[in-house]
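Hello,

Here is the structure I promised to pass on to you. Have a look at it first, and then read my notes below.

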Amino acid sequence: MLSDWGAVFIFFAVAVVFGAGGIITAFLIAPRRTTAQKQTTYECGVDTIGPTWVQFRTSYFMYALLFVIFDVETIYLYPWAVKFQSLGLFAFIEMIIFLFILIVGLWYAWKEGALEWM
Amino acid sequence: MVENIFVSIAAWLRGLLGGLGVPDLWNDVILMVVKLLAILVFILVNALWLVYMERKVAGYIQSRLGPIHVGPKGLLQTAADIGKLLGKEIILPKNIDLVVFLLMPVLIFVPPLVIFAVIPFGKDMVAVDMNIGVFYLIAVASLSTIIFWAAGWSSNNKYSLVGGMRSVAQMVSYELPLVLALLGVIMITGTLNMNEIVNAQKNVWFIFTQPIAFLVYFIAGVSETNRTPFDLVEGESEIIAGPYTEYAGMGFAMFFLAEYANVMIVSAMCTIMFLGGWLAPFGLDFVPSWLWFFLKMYLMIFIFMWIRWTYPRIRVDQLMAFGWKVLVPLSLANIFVTGAGMYIFRAIGW
């Protein structure tokens, strides 16, 4: 028997082959006449100024940090949601406590201005 | 007969291979490859059609005709476009990170195709009937964020970098309400298997019992696929297609294909989780289940297009504020109300 993950691996392998095939085909049949002008970075016709790989503004980082915290919490919510019906009152109270923690976290991030786009 | 046509073909093929003395494992592998190729063809044909449909819908919304010249009513326009893109030179700018730059268009199509493995297209029509289907889908779908970001970063272009950064911020922010919105449905069904979720909607679709979750999922879905009004990642008029700025020819085509595959996935998920999947409404089961799935999916896709060509793009701070301050609290409240409602209903024995 082919396991679920074996099947998923087949999908993964074929997807990579498909993507690589597309790009390689294009390389084989498309013309390649490179000129110095063609190779410049496209910024609307103006020469690019300064390096691109620089330190970036931190507000993006704040969202990523918040996301990691919330996403981990969400992962815990999934098994709980599946078993919700069979656990009864216990699960219900558990949910109130857990959501309360989540909401306090969101409220704190909000209060500290982590949700503002600066 | 028509209802079971695809299931019958699979069973016939399995019998044929078994009769030839192919061992069970290889029989499974061959059958899986056949299913995979069918799904791949499904995605490619639909992507071709969707590009055409998008341009036609946009045309009619803006009081013009859209493509009309290539083929009857312009039907061959996208096929011609693919031919053109395949024959176009792949330009490799000087300053790029070559390996990452070339790897990203190869990998961009992996998450959508791998996700399609668990989508039930009809009764008994799912390639991999995974017991944690929804969870798997969410996990794989979030991988495309990395690919967008890496594509933007490796281009060594300011527009691309801003686009890549925006894609991380936006997709990450809207993934949260998306994931939380699905929780309401999971609580009611108590399963992560897509077929069981569809079957649980026999009596009433979840769009009626979980309207808020549907709305949140729908909005977050528009955002996850980077479509207007949330297309800040691409923003043609401000950051020149964002992460794709430096991609030409086939590299660009792969991103485009993945985008339409993602649109199909979000619509299919709306259908499965909230619109009853392949179940026939009002007992109209003389229409085969896979056709129902297809029609519902196209209804959702049409609504996506309608929204795209009706609303203007919103600002980046509005986007973030809306995601974190409206959608996340709303989806948390939905979980709470669903839980409380279910508990009360059970307590009064309803």
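**Helix α1 of chain A**

With 26 residues, α1(A) reaches 38 Å from its first C-alpha to its last, close to the 38 Å expected at 1.5 Å a residue (the expected span is 1.5 Å times one less than the number of residues). Helices here are DSSP runs of H or I with at least four residues, strands are runs of E with at least two, and both are numbered from the N terminus.

A word on conventions: this is a predicted model, where local features need pLDDT of at least 70 and side-chain atom pairs count only at pLDDT 80 or more, while totals for chains, interfaces and linings use all residues. Residues are numbered from 1 along each chain as its sequence is written, and chains are lettered from A and ligands numbered from 1 in the order in which they are written.

Among the buried residues of α1(A) are A:Ala7, A:Phe11 and A:Gly22; buried means that 20 or more other C-beta atoms, placed from the backbone, lie within 10 Å of a residue's own. The buried residues of this helix pack against parts of chain B, including α2 (24-61) and α13 (250-274).

**Where the chains meet**

The contact takes 54 residues from chain A and 70 residues from chain B, two residues being in contact if their C-beta atoms, placed from the backbone, lie within 7 Å. On the side of chain A that touches chain B, α1(A) gives the most, with 18 residues.

**Chain B**

Chain B has 15 helices and zero strands, and buried residues make up 50% of its 350 residues.

Happy exploring!

Notes: A residue is buried if 20 or more other C-beta atoms lie within 10 Å of its own, exposed if 12 or fewer, and partly exposed in between; C-beta atoms are placed from the backbone.
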